[in-house]
Amino acid sequence: MLLRAVKHYFTLSLFLAASLSIPAPAQDLPTLGYGSSYDVSLHQERHLGQGWLRQFRAQSRIYYDPLVQNYTEGLVQRLAAYNSDLEQPELDVLVVDQRQLNAFAVPGGIIGVHTGLFTFATHEDEFASVMAHELAHISQRHFARRVEAASGAQWSTMAGLLAGILVASQGHADAGIAAIAGTQAAAIQNQLSWSRIYEQEADRMGMETLAAAGYSPEAMPAMFQKMQRIASLSGRPPEFLMTHPLTQSRIADAWSRSDQLKSRSERIKDRDYELIRARIIFHQEAEGEDAQRLFLQQDPSEAGRVYAQVLRDKQAGRLQEAISSLQQLADDHPEWLAVQYLLAELLVDAEDWDAAQQRLDDLLAFTPGYYPARYLLADHYAKQQKWSQARQEFRRLSRDRPRDAQIWFQLAEAAGKSDRPVELHQARAEYFQLTGRFRQAFSQLELASEKAREADQPWQLREVIRERRRQLEEMQSLMDI
């Protein structure tokens with residue numbers, strides 16, 4: 001079964017990392033993809049990817065900041081709209097709490113990015129160039145093409161490849177490569193000419209996507225050169241280059257391609273990206289002084305400087321100073337959601353409940369569907385122990401973002417605190433299935449059904465629970481192809 005095979009290969013890969021030595025030319029962990037007619041169908045890729053995603057959530061550190069998540073999802077969706085070959089309408093975007101410079105794609109429309117990439121990419125167009133490249137791997141179905149090119153490739157080969165991606169995406173690229181070498185996928189690894197073709201194809205499609213989306217295609221070769229410079233200075237390539245081999249000819253080809261596109265777009269730093277990047281830098285650095293110094297090295301805007309000082313005060317617990325410093329910027333830019341969000345966040349942290357409520361009400365009146373503010377509002381209620389209101393807000397969010405495991409986790413907490421045992425177990429079931437723990441999910445649904453029966457709930461509710469059990473069993477069987 002594929003899902004169990006992925007689990008097996010993940011464990012095996014840790015052993016292989018210590019026991020196998022891979023020659024330098026073979027350091028080419030394939031990035032996975034999506035797009036036309038192959039032996040691996042589009043539906044199979046989707047189920048394969050969703051099974052992988054659940055294992056990834058269970059075994060990785062996810063960075064969950066609603067503001068960062070919303071920004072990253074929005075950027076990826078914007079780029080996806082300009083990738084003419086992308087047939088996958090549903091995309092899952094992961095922000096991984098890893099300092100390494102890395103990003104990855106998995107079949108079925110999954111894009112992952114390490115927080116380290118935000119730190120490294122000082123301009124939004126540089127960051128977007130990596131996202132566009134990963135989207136191209138998906139749209140061109142490089143995963144299916146690579147597996148198909150390996151004679152006699154089976155589902156075990158795919159499981160091995162996915163296990164390698166799982167390990168490498170957690171900051172262990174060497175271990176991921178070793179995992180691949182220990183499977184039938186080793187044959188695929190030897191096809192380096194194909195790998196170069198895939199990378200160049202992803203570069204070409206990525207730059208076309210950048211230009212169509214209003215970015216300068218020059219951002220991609222410029223990003224490559226920055227990565228190569230880091231590799232030459234440190235003696236070790238960034239994680240991204242260990243899984244996406246870079247050569248001088250590839251950089252030259254990228255510059256040539258960017259010239260051919262003749263885009264008039266200027267390089268974009270973007271004010272939202274600057275603030276998002278500041279949040280991540282302050283998350284990664286233990287000392288606020290170090291985070292501020294690192295951020296200021298990149299010549300930020302005046303607004304960015306204010307934002308960074310506010311984050312430093314916030315990290316040091318100087319909440320009133322932070323609120324005072326940000327208030328003027330918020331008043332000058334009432335439409336700037338990232339600024340308004342931080343001000344509301346500070347008011348919640350300071351337990352200024354009335355002011356926080358007013359700020360959040362104003363923000364949601366301006367943008368009713370704004371997910372970060374909706375999440376913060378629910379958290380605002382939870383911190384006041386207004387569990388019924390928190391439950392209602394998290395429940396609404398769960399309907400709009402049903403694949404968001406963190407929301408289901410918070411909904412379970414709020415339901416339990418507001419004495420809703422059936423909903424508590426239903427929410428836990430969703431959290432467990434989204435993190436690959438189907439056995440626990442089924443147990444939670446049994447508990448939900450039992451609680452519904454004890455409370456003499458309408459039979460319709462018990463039927464809903466039974467139907468959800470059937471759906472999850474079918475989902476599990478599809479992922480275990």
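How many bridges join strand 1 to strand 3, and do the two run parallel or antiparallel? Five bridges join them, and the strands run parallel. This is a predicted model, in which local features need pLDDT of at least 70, side-chain atom pairs count only at pLDDT 80 or more, and totals for chains, interfaces and linings use all residues. Residues are numbered from 1 along each chain as its sequence is written, and side-chain values use heavy atoms, without hydrogens and water.

**View A. Strand 1 and its partner.** Strand 1 (residues 92-96) pairs with strand 3 (residues 110-114); strands are DSSP runs (E, at least two residues) and helices are H or I runs of at least four, numbered from the N terminus, and pairing needs at least two DSSP bridges. Here Val96 sits opposite His114. Asp92, Leu94 and Val96 on one side and Val93 and Val95 on the other are all buried (under 20% relative accessible area, 1.4 Å probe, protein chains only).

**View B. Phe118 in the largest nonpolar core.** This core has 99 residues, a set of buried Ala, Val, Leu, Ile, Met, Phe, Trp, Tyr and Cys joined through side-chain atoms within 4.5 Å. Helix 18 (residues 337-349) gives the largest share, ten residues. Beyond neighbours within four places in sequence, Phe118 is in contact with residues including Val95, Phe127 and Tyr273 (heavy atoms within 4.5 Å).

**View C. Helix 24 beside helix 25.** The axes of helix 24 (residues 438-454) and helix 25 (residues 459-479) come within 9 Å and cross at roughly 170°; axes are lines fitted to C-alpha atoms over the stretch in contact, with angles from 0 to 180 degrees between N-to-C directions. The helices are therefore roughly antiparallel (over 145 degrees).

How values were computed:
Parallel < 35°, antiparallel > 145°, perpendicular 65-115°, else oblique. Buried < 20%, exposed > 50% of the residue type's maximum accessible area, 1.4 Å probe, protein only.
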